[in-house]
Amino acid sequence: MSSNIMSSNIPHKTAITRVPIHDLIARRWSPVAFDPQRPVSRAQLIALLEAARWAPSCFGDQPWRYIVWDRFTDAAAWEQAQSCLTPGNQDWAHNPPIQMLSLAGSVFNATGKPNRWAQHDNRRGQ
């Protein structure tokens with residue numbers, strides 16, 4: 001999927017780590033060079049969401065839900081989602097063909113108790 005949505009001039013960077021790590025992780029980077037003219041196909045998007053569905057979670061609860069905005073199928077909604085970003089994020093996020101919002105449930109389905117593992121990047125208390 002990534003080769004279809006990112007520009008062809010992708011930099012090849014390797015993380016400088018304190019100890020050796022797996023090459024796939026060391027070569028991971030956050031792309032900001034998206035080609036605004038390349039849409040993400042429905043099949044690619046479904047594959048991405050299916051991979052997210054199978055991601056590990058505590059007790060197999062899969063508390064995540066996703067909202068997807070596609071620039072090519074609903075430009076007005078995509079622009080509205082873009083307007084919710086901070087100005088700094090708007091600067092680099094203006095070219096991707098899709099935007100996704102990840103939501104996480106805060107309680108376990110089975111017990112109703114707090115699920116502190118559901119958050120992707122919880123910065124509360126900092």
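Is Gln 82 buried or exposed, and at what relative accessibility? Gln 82 counts as buried, because its relative accessibility is 7%, under the 20% limit. The description below concerns a predicted model.

## Confidence of the model

The protein chain has a mean pLDDT of 83, with 84% of its residues at 70 or more. Among its elements, the highest mean pLDDT, 95, belongs to helix H4 (residues 75-83), whereas helix H1 (residues 2-5) has the lowest, 41.

Over residues 1-8 the pLDDT stays under 50. For this stretch the model has 21 contacts beyond four places in sequence.

The buried residues of H4 are Ala 77, Trp 78, Ala 81 and Gln 82. They lie on the same side of the helix, because the arc they cover around the axis is only 145 degrees. On the other side of H4, the residues Ala 76, Gln 80 and Ser 83 are exposed.

The cover over the buried residues of H4 includes strand S1 (64-70), helix H5 (87-92) and strand S2. One of those buried residues, Trp 78, has Arg 71 over the face of its ring, at 3.9 Å from the ring centre.

## The glutamine pair

Gln 82 is placed in helix H4, and Gln 99 in strand S2 (residues 98-104). The side chains of these two glutamines are joined by a polar contact of 3.0 Å. Gln 99 also counts as buried, because its relative accessibility is 10%.

When neighbours within four places in sequence are left aside, Gln 99 is in contact with Ile 67, Val 68, Trp 69, Trp 78, Ala 81, Gln 82, Leu 85 and Ala 93. Under the exclusion of residues up to four places away, Gln 82 touches Gln 90, Ala 93, His 94 and Gln 99.

The structure holds two aromatic pairs. In one of them, the ring centres of Phe 59 and Phe 108 are 5.3 Å apart and the planes stand at 70 degrees, so the pair is edge-to-face. This pair links distant parts of the chain, 49 residues apart: Phe 59 is in the loop between helix H3 (42-53) and S1, and Phe 108 is in the segment after S2. Phe 108 also forms an aromatic pair with Trp 117, which is tilted, with 6.4 Å from centre to centre and 40 degrees between the planes.

Phe 108 counts as buried, because its value is 9%. Trp 117 is partly exposed, with a relative accessible area of 48%.

Technical notes
Residues are numbered from 1 along each chain as its sequence is written. This is a predicted model: local features need pLDDT of at least 70, side-chain atom pairs count only at pLDDT 80 or more; totals for chains, interfaces and linings use all residues. Side-chain values use heavy atoms; hydrogens and water are left out. Helices (H or I, at least four residues) and strands (E, at least two) are DSSP runs, numbered from the N terminus. Buried means under 20% relative accessible area, exposed over 50%, partly exposed in between (1.4 Å probe, protein chains only). A polar contact is a pair of N or O atoms within 3.5 Å; within protein, one must be able to donate a hydrogen and the other to accept it, and residues adjacent in sequence count only if both atoms are side-chain atoms. Contact means heavy atoms within 4.5 Å. pLDDT is the predictor's confidence in each residue, from 0 to 100. The arc is that of the directions from the helix axis to the C-beta atoms. Rings of Phe, Tyr and Trp (its six-membered ring) pair if their centres lie within 6.5 Å; planes under 30 degrees apart count as stacked, over 60 as edge-to-face and the rest as tilted. A charge sits over a ring if NZ of Lys or CZ of Arg is within 6 Å of the ring centre and within 35 degrees of the ring normal.
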